[in-house]
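Try each task yourself before reading the solution below it.

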Amino acid sequence: MRHMRTEAPALVPIFRSALQARLLLHILTSDKPATAADLARVLDAPEPTVSREVRRLLDSGLIAGVRIGRATVVSPAVDNPATAPLRQLLIVTYGPARLIEQALAGVDGIEAAYVHGSWAARYQGEAGKAPGDVDVLIVGQPSRAQVDVALDGLEHRLAREVNVTYVSPQRWRDADEPFIAAVRERPLVELHVGRHEQAAAS
């Protein structure tokens, strides 16, 4: 039987696990209701584990559910006074990857994108101080003006500076390049630009 890590997340250790925090973030920041199967696919997590977490969140009243056929479709509990502050807490802690993914989804010329630095390290479970900024690395040749427009307003929502570094695909493949080697040696959070929303909509 597969063992799932349930340690408290480094970014916000008041939750049961990183999966619970990511699950809540997705539900509370999505425009579309989702089933446990949808959420398991988006979060790349086992469906039985996601289903258990969904049931716990439904029982707590933090999310709402509507039975459609054999599935329960969940969405934010709009009548719960804790929903808005909980959403904000999750955005400033677990939100950077999801919100940056959403923002960059419509930008052409991005071959890959990652969050690196201290936020990525906390996201991967490395203990330490709360990240003071979010470091984003974009591989490709997008219009920098288009990226600036896409990310406009995110620093305010995330309550921290967002720093973007651009590298060419050729440079990203050069493992001997000191900056690239240093980035690769540390935790990286890949941004699946466009993939998650497409998966949720399917």
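**Exercise 1.** Find which residues L62 is in contact with, leaving aside its neighbours within four places in sequence.

*Solution.* Keep in mind that this is a predicted model.
- Step 1: L62 sits in the loop between α3 (47-60) and β1 (63-68).
- Step 2: skip the neighbours within four places in sequence and list what L62 is in contact with: L28, L57, A77, N80, T83 and L86.
- Step 3: L62 and A82 are 20 residues apart in sequence, yet their C-alpha atoms are 7.6 Å apart in space.
- Step 4: check the accessibility. The relative accessible area of L62 is 22%, so L62 is partly exposed; the buried class stops under 20%.

**Exercise 2.** Work out how β1 and strand β2 are joined, and which residue in β2 is the bridge partner of G65.

*Solution.* 
- Step 1: count the bridges. There are six between β1 and β2 (residues 71-76), and the two strands run antiparallel.
- Step 2: look up G65. Its bridge partner in β2 is V74.
- Step 3: look at the turn. The hairpin of β1 and β2 has two residues between the strands, and G69 takes a positive phi near 65 degrees there.

**Exercise 3.** Give the strand order of the open sheet of four strands, and say which strands stand at the edges.

*Solution.* 
- Step 1: read off the order, which is β5-β4-β3-β6, with mixed pairing.
- Step 2: look for strands with a single partner. These are β5 (161-167) and β6 (189-190), so each has one side left without a neighbour in the sheet.
- Step 3: zoom in on one pair. Strand β3 (residues 110-116) and β6 run antiparallel and are joined by two bridges; Y114 stands opposite E190 in β6.
- Step 4: see what lies across the strands. Helix α10 (residues 178-185) lies across β3, β4 (133-140) and β5, at about 125 degrees to β5.

**Exercise 4.** Decide whether H116 is buried or exposed, and find what it touches.

*Solution.* 
- Step 1: locate H116, which is in strand β3.
- Step 2: take its relative accessibility, 11%, so H116 counts as buried.
- Step 3: leave out residues up to four places away in sequence. H116 then touches D135, V136, L137, V183, P187 and L188.

**Exercise 5.** How many salt bridges does the structure hold? Go through some of them, with their places and accessibilities.

*Solution.* 
- Step 1: the count is six salt bridges.
- Step 2: start inside a helix. The side chains of R41 and D38 meet in a salt bridge, 3.0 Å from N to O. The two are three residues apart in helix α2 (residues 36-43), so about one helical turn separates them. R41 is partly exposed at 41% relative accessible area, while D38 is buried at 14%.
- Step 3: now take a pair set apart in sequence. R186 and E126 meet through their side chains in a salt bridge of 2.8 Å, N to O. R186 lies in the loop between α10 and β6, and E126 in the loop between α6 (117-123) and β4, so the pair ties together parts that are 60 residues apart in sequence. R186 is partly exposed, at 43%, and E126 is partly exposed, at 33%.

**Exercise 6.** Classify the ring pair of Y94 and Y123.

*Solution.* 
- Step 1: count the aromatic pairs in the structure; there are three.
- Step 2: take the geometry of this pair. The ring centres are 5.4 Å apart and the planes stand at 55 degrees, so the pair is tilted.
- Step 3: Y94 is in the loop between α4 (83-93) and α5 (95-104) and Y123 in helix α6, 29 residues apart, so the pair links distant parts of the chain.
- Step 4: compare accessibilities. Y94 is buried at 2%, whereas Y123 is partly exposed at 22%.
- Step 5: widen the view. Ring pairs link Y94, W119 and Y123 into a cluster.

How values were computed
Residues are numbered from 1 along each chain as its sequence is written. This is a predicted model: local features need pLDDT of at least 70, side-chain atom pairs count only at pLDDT 80 or more; totals for chains, interfaces and linings use all residues. Side-chain values use heavy atoms; hydrogens and water are left out. Buried means under 20% relative accessible area, exposed over 50%, partly exposed in between (1.4 Å probe, protein chains only). Contact means heavy atoms within 4.5 Å. Two strands pair if DSSP finds at least two bridges between them. Axes are lines fitted to C-alpha atoms, for helices over the stretch in contact, and angles run from 0 to 180 degrees between N-to-C directions. A salt bridge is a side-chain nitrogen of Lys or Arg within 4 Å of a carboxyl oxygen of Asp or Glu. Rings of Phe, Tyr and Trp (its six-membered ring) pair if their centres lie within 6.5 Å; planes under 30 degrees apart count as stacked, over 60 as edge-to-face and the rest as tilted.
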